[in-house]
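These are my notebook entries on one structure. I wished to look up its ligand shell, its domains and its cores.

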Amino acid sequence: MINLELPQKLQMAQQMSHQLANSVFRPIARKYDKIEHCDTPEELIPVGQMLKSMGMSSADDGSKAGGGDHIKNGANMMQVLATGEMSWGCIGLMLSIPGLGLGNAAIQAVGTSQQKEKFGKLHCAMAITEPGCGSDSAAVQTSAVLDGDQWVLNGEKIFATSASRGDAVVVWATLDKTKGKAAIKSFVVEQGTPGMQVVRCEDKMGLRVSDTAAIVFTDCRIPKENILGSPDIADTAEARKKAFGGVMQTFDNTRPPVGAMAYGVARAALEVTKALLEKEGIRFAYDRGLNNSSALQAEIYRMEAELEATRLLILKAAWMADNKQPNSKLASMCKAKAGRVGNRITLKCVELCGSLGYGEEQLLEKFARDSKILDIFEGTQQIQQLIIARNVLGKSSSELK
Ligand SMILES: Cc1cc2nc3c(=O)[nH]c(=O)nc-3n(C[C@H](O)[C@H](O)[C@H](O)COP(=O)(O)OP(=O)(O)OC[C@H]3O[C@@H](n4cnc5c(N)ncnc54)[C@H](O)[C@@H]3O)c2cc1C
């Protein structure tokens with residue numbers, strides 16, 4: 001039987017995340033939007049510590065989040081709920097909270113218990129993208145060569161969120177460029193390791209408070225045990241598929257939270273828009289049906305319905321991950337829908353509110369700028385559609401490109 005009610009522990013986590021977004025993030029959102037390339041905002045240091053102590057950081061497995069004997073609502077459900085609420089406040093600030101990096105999710109998804117213990121409490125960025133490799137993550141050129149007890153990394157990574165401020169970076173590198181996907185592994189490189197250099201931080205359209213860095217690795221030596229997963233390169237087609245599938249599994253856990261970011265910022269934009277319209281005397285009467293509503297009211301109702309459908313898809317994808325059900329298709333579906341709906345709603349709200357939407361007095365123009373990236377990183381809209389099509393049609397990545 002379907003029960004869509006959240007267990008009490010999750011409801012509390014959701015409420016606390018909302019309070020945090022409302023009382024800490026919203027008041028400083030505009031200030032930090034204007035200061036790009038700052039250090040971690042001081043207001044976020046106690047926030048990171050608080051989330052860790054409450055078991056709401058990516059390092060926590062959330063396995064006791066309630067839901068009965070057979071149904072687990074764990075880390076993934078907790079994360080999408082908290083992320084949705086915090087993104088309602090400010091996505092850039094949320095991404096800057098110490099301890100909530102994408103690399104943390106990778107370690108949580110594929111790390112050993114020792115690695116989770118050692119790196120789980122750090123703030124870990126994730127570096128996949130390179131100057132010649134974005135959507136096609138199998139084209140990674142950064143190399144890792146085993147030399148005695150150490151891996152030696154060489155290459156360049158770009159657009160890595162939190163790679164400048166974070167404590168460590170999870171780096172995708174290939175063990176053998178001739179062996180394609182099967183040879184791609186991820187490695188944890190701690191900040192300050194000789195040979196790793198943050199060469200610049202990008203100027204951006206949105207998420208301006210979040211640092212987005214380019215890193216160069218030059219004979220960067222890290223301990224042998226810093227590889228996530230097995231160092232073996234699979235030699236059969238089936239084993240190769242499984243090996244890269246393990247690496248890609250990280251995305252099954254990280255796409256629903258990115259969807260939740262899009263949901264959160266779109267909900268924020270809609271709420272502000274409705275409040276501004278209500279101030280102008282426009283009423284929202286849900287019992288009157290679309291035919292008896294003005295075009296403006298009908299537009300709002302349609303956006304709210306789209307947003308609710310998005311929320312349910314995100315919850316399902318997270319729930320499947322918590323219950324160890326394969327969720328690649330749902331993770332991509334919720335990311336694709338949330339990215340698209342988030343972009344559309346935030347921009348439409350700018351449009352509906354006219355000068356108040358476009359000006360800086362309100363946060364609407366910032367919501368629209370912040371929202372755009374959510375349909376690009378963690379796999380673009382087109383890439384999500386490709387993954388969904390492969391899943392639906394039962395095609396491999398070489399059969400459907
Ligand atoms: C603010 C920000 C933060 C980021 N954070 C991170 C991070 O933390 N870690 C990280 O590794 N990366 C990060 N990225 C990089 C991001 O993940 C990439 O930009 C994204 O994967 C797209 O890659 P690309 O820019 O190289 O575009 P490309 O792959 O060159 O794609 C360009 C266009 O072609 C389309 N396209 C590509 N292939 C296909 C196909 N087969 N079929 C149809 N269309 C296709 C794409 O959808 C896109 O519209 C970040 C980027 C930004 C802007």
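How many nonpolar, polar and charged residues does the shell around the ligand have, by class? I counted 13 nonpolar, 7 polar and 2 charged residues in this shell. I took Ala, Val, Leu, Ile, Met, Phe, Trp, Tyr, Cys and Pro as nonpolar, Asp, Glu, Lys and Arg as charged, and the others, Gly among them, as polar.

I noted what kind of model this is: it is predicted, local features need pLDDT of at least 70, side-chain atom pairs count only at pLDDT 80 or more, and totals for chains, interfaces and linings use all residues. Residues are numbered from 1 along each chain as its sequence is written.

**Entry: ligand shell.** I found 22 residues around the ligand, the closest being Ile-128, Gly-134, Ser-135, Thr-161 and Thr-380; a residue is near the ligand if its C-beta atom, placed from the backbone, lies within 6 Å of it. The elements giving two or more residues to the shell are β1 (124-127), β3 (150-161) and α12 (381-393). Such elements are DSSP runs numbered from the N terminus: helices (H or I) of at least four residues and strands (E) of at least two. Domain 2 (123-234) and domain 3 (238-393) both contribute to the shell, so it lies between them.

**Entry: domains.** I recorded a division into domain 1 (8-110), domain 2 (123-234) and domain 3 (238-393), with bounds from an automatic or database domain assignment. Between domain 1 and domain 2, 20 residues of the former are in contact with 20 residues of the latter; contact requires C-beta atoms, placed from the backbone, within 7 Å. On the side of domain 1 that touches domain 2, α5 supplies the largest share, 6 residues.

**Entry: helix α3.** In α3, 15 of the 15 residues are buried, so the helix is largely enclosed by the rest of the structure. Buried means 20 or more other C-beta atoms within 10 Å of the residue's own, with C-beta atoms placed from the backbone.

**Entry: cores.** Of its 66 residues, Ala-262, Ala-266, Ala-269 and Ile-314 touch the most other members. Domain 1 and domain 3 both give residues to this core, so it lies between them.

Note on methods: Contact = placed C-beta atoms within 7 Å. Buried ≥ 20, exposed ≤ 12 C-beta atoms within 10 Å, placed from the backbone. Core = buried A, V, L, I, M, F, W, Y, C linked by C-beta atoms within 7 Å.
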